[in-house]
Amino acid sequence: MMKTPILLSTCIAVLLLTACATHVEVDGAFPKPLSKKMPLSSLVVFDPAFSNYVFQSSEGREVSIAVGQTQVELFTAVTNSLFSQTNFTTSQPGHSDTDIILVPHIEEVQISMPYQTKLNVYEVWIKYNMQVFDQQGQPVADWIMSAYGKTPTRFLKSASDALHQAAIVALRDAGAHFIIGFGRVPEISEWLRQRSIKNSTAPQQEQAGL
Amino acid sequence: MKPPCPPLLMLASLCLLLGACTTTTVDEYRESSERLQLSGSETVVVLGRRHAANYETEPDFIGCIGKQLGQGTPLKVIGEPEFMDLIYPWFEPRTAPLGLKRMSRMLAEPMIGTRIRQRNIRYMIWVDGNTETTDREGSVSCAIGPGGGGCFGFATWEKTGSYEAVIWDLGDLAEDGRVKVEAKGSSYMVAVGLPIPIIAQVQDQACEGIGKQLKSFFTG
């Protein structure tokens, strides 16, 4: 006779315990960025580790955030806007017909929740390593690019919704950082300078028969 | 004969209802006593400041101000998400202009200036601030068991919403005015079996206060 209430209590306890885990599938659309196109063709490599990336944390509350597919959409939009021509692939070639090869990696993801910081915000940090290679596959730069997003807490709003929103803000920030910062990275800036010198002298050399 | 409602309960309910009220203080500063001019097709955009490290101006508060401005006036208000998508990535927290000097440089950039002029955006209203819990007392405990569950206790908390709105005229590249609002309210939760929350609408009151005042800049 006592079995039913005990079973019910156990079920409720299990439900309450699993309710503490937060799983977020980041899903969002990004606008077409307003950007001047650089006269470069690029090949962007979205390897499976990048396009299927899921952040998992078991410190404190169990949290998982799947950002893979959404960040592929983001970098597709920003690279299409920044470069005159962009192609995409899933594995890095030894060399390419394009001017540059871009290989984005996620180095680290961190999150913070109000119960940890005592602030009324949920925060998401994403640290990318944007590897840039030239046509021959020679490294040009390892650009460590950080992105940050936060969203305020709201009465009766779930942690999943708040983290989802914070992740979207972080991804938009990554896009902004990429578009504004690409030409300012010292190694890339130097490579662009060398390239423009080479391009401007090439016709003269041809004319001079060199 | 037993009274229909015990006087003590009535008194307690009255205290709670009074306590759940919100007090709002609004201050304003105007560059000129004349109302702000808008031609037929010109629009206004309301944006939240998101650069502070320890708080975030709530997006729904910005949406609420936009609605307040548009209600009962011919003002055309562009929503924050729509504007941010339109001009992405130039008004993200990392890139948004914090002053008119930077804004003028952005408008001088043909790519950005053209996009803003295409939408006839004449005024940009920046709102900075947030609503936070400033005091909390008491507690409510809930328990569940095989025989049922319930809550018991009394809790009270105070919220303060503090916001400042700054109006930029993108035509003259000048600041036309500021509105500051502070709203305070206490909320209560009484639980005898079932929890009964009596929530002070601090953010809504702050929105109404700042929205009405901003509207007066355009309607006179």
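Student: Where in chain B does B:Leu173 lie?

Tutor: B:Leu173 lies in the loop between β5 and β6 of chain B. Helices (H or I, at least four residues) and strands (E, at least two) are DSSP runs, numbered from the N terminus. Before we go on, this is a predicted model: local features need pLDDT of at least 70, side-chain atom pairs count only at pLDDT 80 or more, and totals for chains, interfaces and linings use all residues. Residues are numbered from 1 along each chain as its sequence is written, while chains are lettered from A and ligands numbered from 1 in the order in which they are written.

Student: Is B:Leu173 buried or exposed, or something in between?

Tutor: The idea is to count other C-beta atoms, placed from the backbone, within 10 Å of the residue's own: 20 or more is buried, 12 or fewer is exposed, and in between is partly exposed. B:Leu173 has 12 such neighbours, so it counts as exposed. Its phi is positive, about 50°, although it is not a glycine.

Student: What is phi at B:Asn120?

Tutor: Near 55°, again a positive value in a residue other than glycine. B:Asn120 sits in the loop between α5 and β4 of chain B, and it is partly exposed because 16 other C-beta atoms lie within 10 Å.

Student: Which residues does B:Asn120 touch, leaving aside neighbours within four places in sequence?

Tutor: Contact here is a C-beta test: two residues are in contact if those atoms, placed from the backbone, lie within 7 Å. By that test B:Asn120 is in contact with B:Ser41, B:Glu42 and B:Thr43, once neighbours within four places in sequence are set aside. Take B:Glu42: it is 78 residues from B:Asn120 in sequence, yet the two C-alpha atoms are 4.8 Å apart.

Student: Which peptide bond is cis?

Tutor: The one from B:Tyr88 to B:Pro89, with omega near 5°. B:Pro89 is in the loop between α3 (80-86) and α4 (100-108) of chain B.

Student: How do I read a pair of packed helices?

Tutor: Two packed helices are described by the angle between their axes and the distance between the axes. Axes are lines fitted to C-alpha atoms, for helices over the stretch in contact, and angles run from 0 to 180 degrees between N-to-C directions. Under 35 degrees is roughly parallel, over 145 roughly antiparallel, 65 to 115 roughly perpendicular, and the rest oblique. In chain A, helix α3 (residues 68-82) and helix α5 (residues 159-181) pack at about 25° with axes 10 Å apart, and are therefore roughly parallel. The contact residues include A:Leu74 and A:Val78 of α3(A), and A:Ala174 and A:Phe178 of α5(A).

Student: At what angle do α2 and α6 of chain B cross?

Tutor: Helix α2 (residues 59-70) and helix α6 (residues 202-219) of chain B cross at roughly 40°, their axes coming within 9 Å. That makes α2(B) oblique to α6(B). Among the residues in contact are B:Phe61 and B:Ile65 of α2(B), and B:Cys207 and B:Leu214 of α6(B).

Student: Which parts of chain B do the buried residues of α6(B) pack against?

Tutor: They pack against β1 (22-30), α2, β4, β5 (148-169) and β6 (174-198) of chain B. The buried residues include B:Val202, B:Ala206, B:Ile210 and B:Phe217.

Student: How many residues does each chain bring to the contact between chains B and A?

Tutor: Chain B gives 21 residues and chain A gives 21 residues. On the side of chain B that touches chain A, the largest share, 4 residues, comes from β4(B).
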